[in-house]
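Dear colleague,

Please find below the structure that I am handing over to you. My notes on it follow.

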Amino acid sequence: MKNFAVVRNPLKDRSNKMTARVIDYMADRGARCALVTDASDMEDDTEAVIVLGGDGTLLRASKMVVERQLPLLGINLGTLGYLAEVDKSSMFSAMDRLLADDFIIEPRMMLDAVIMRDGRVIAEDLALNDVVVIRHGPLRVIDFMNYVNGSYLNSYSADGIIIATATGSTGYSLSAGGPIVSPKAEAILLTPVAAHTLNARSVIFGGEDEICVEISHSHVPDPTEAAVSFDGGNEIQVTDGDRVIVRRSSKRTNLIKLSDRSFLEVLRQKMAVS
C-alpha cells in the first residue's frame, strides 16, 4: 500500500503533533498520506485509512468509509482499546508493516436499522457496535416489546435496550451486564439496560435473525423522552408505538490486524487494567 488517508480525533491530538508525525513518516518513505474529515476528501486511489484516536474515533471512521469498504487501522491515543489495537509506542513499526503489505484484513459484521412510525420509515442508519434505545428526561422507565423474525419474544420495563454485534459486545452491552462474544461470531445480542424485573437477561441470536423492538404504548408520550442512537453518535427521538428493526447489514467494516495478539489476550489485558 502507498496511498492512505488519516482520520484523527482532535480532542486526543490537540496540537496535531501525532498526526503530523504519521503523515511525515509515511511521506519520507514514498507514500501519500493525507488528513481528511469526510469521505469526500479522500482521493479515489486511497487504499486504507489510518485512524488516530480510540475506539470511538474508529467507529465514526467506519461509517465514513463503509461505501468504499476501505480497511481501517486504529492507532490508540488513549487507554487500551478493543478496535484500535496499535498504541503510540508501536505505531511506526505498524506504518512499516502497512507499507510492506504485512497484515491481514479482519471483516466485522455491521447492523442495518430502521425506525418505523405509523408504518413509515422515519430514520435509518447502520452501526458497527450497537443500536441503543434509551430514555431521556424524567426518571420513568420504558416498556419494550421484543420480536424476533416477526414472532413475539418478551416484554419488560427498563431504562433502555441495546442491540449489539459481537464487536459491540465489549462496549455498552458489557457495561449493562451482557456477555462477551468473540468478534468473529456472526451474532446479534439483545441486552436490557437497568431492567425493572429479575428475569431480564441478555439473549444472543444468529446473524441471520431480525430483531424488532417496539416502544409500548404507555410510558413515552413525549417524543423528547426517548431516543435511538447508532454507535453512540447520531440520535433520533422516538415515542410510543415506534418500532426499531435491526438486521445484519450487507456491508462490513474491514479492520487491519497487525499484531499477533488474540482477542483473548486483548480481553485479558483490558480486564486486568479495569
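What share of the contacts in the protein with a separation of 6 or more is accounted for by residues 24 or more positions apart? Such residues account for 67% of these contacts, contact meaning heavy atoms within 4.5 Å.

Please note that this is a predicted model, in which local features need pLDDT of at least 70 and side-chain atom pairs count only at pLDDT 80 or more, while totals for chains, interfaces and linings use all residues. Residues are numbered from 1 along each chain as its sequence is written, and side-chain values use heavy atoms, with hydrogens and water left out.

Overall form

The protein has 5 helices and 17 strands; these are DSSP runs numbered from the N terminus, helices being H or I of at least four residues and strands E of at least two. Of the 274 residues, 51% count as buried, that is, under 20% relative accessible area with a 1.4 Å probe and protein chains only.

Strand E17

Strand E6 (residues 104-117) pairs with strand E17 (residues 243-257) in the antiparallel sense over 12 bridges; pairing requires that DSSP finds at least two bridges between two strands. Within E17, valine 246 is the bridge partner of alanine 113. Strand E14 (residues 211-215) also runs antiparallel to E17, joined by 4 bridges, and glutamate 214 stands opposite arginine 243 in E17.

Helix H3

In helix H3 (residues 91-99), the buried residues are Met91, Ala94, Met95, Leu98 and Leu99. They lie on the same side of H3, because they cover an arc of only 140 degrees around the axis, judged by the directions from the helix axis to the C-beta atoms. E17 is among the elements that the buried residues of H3 pack against, as are helix H1 (17-28) and strand E1 (3-8). Just after H3, aspartate 101 takes a positive phi of about 55 degrees.

Threonine 167

Threonine 167 is placed in the loop between strand E11 (160-165) and helix H4 (172-175). This residue counts as buried because its relative accessibility is 6%. Its side chain makes a polar contact with the side chain of arginine 108 at 3.1 Å; a polar contact is a pair of N or O atoms within 3.5 Å, where within protein one must be able to donate a hydrogen and the other to accept it, and residues adjacent in sequence count only if both atoms are side-chain atoms.

Yours sincerely

Technical notes. Buried means under 20% relative accessible area, exposed over 50%, partly exposed in between (1.4 Å probe, protein chains only).
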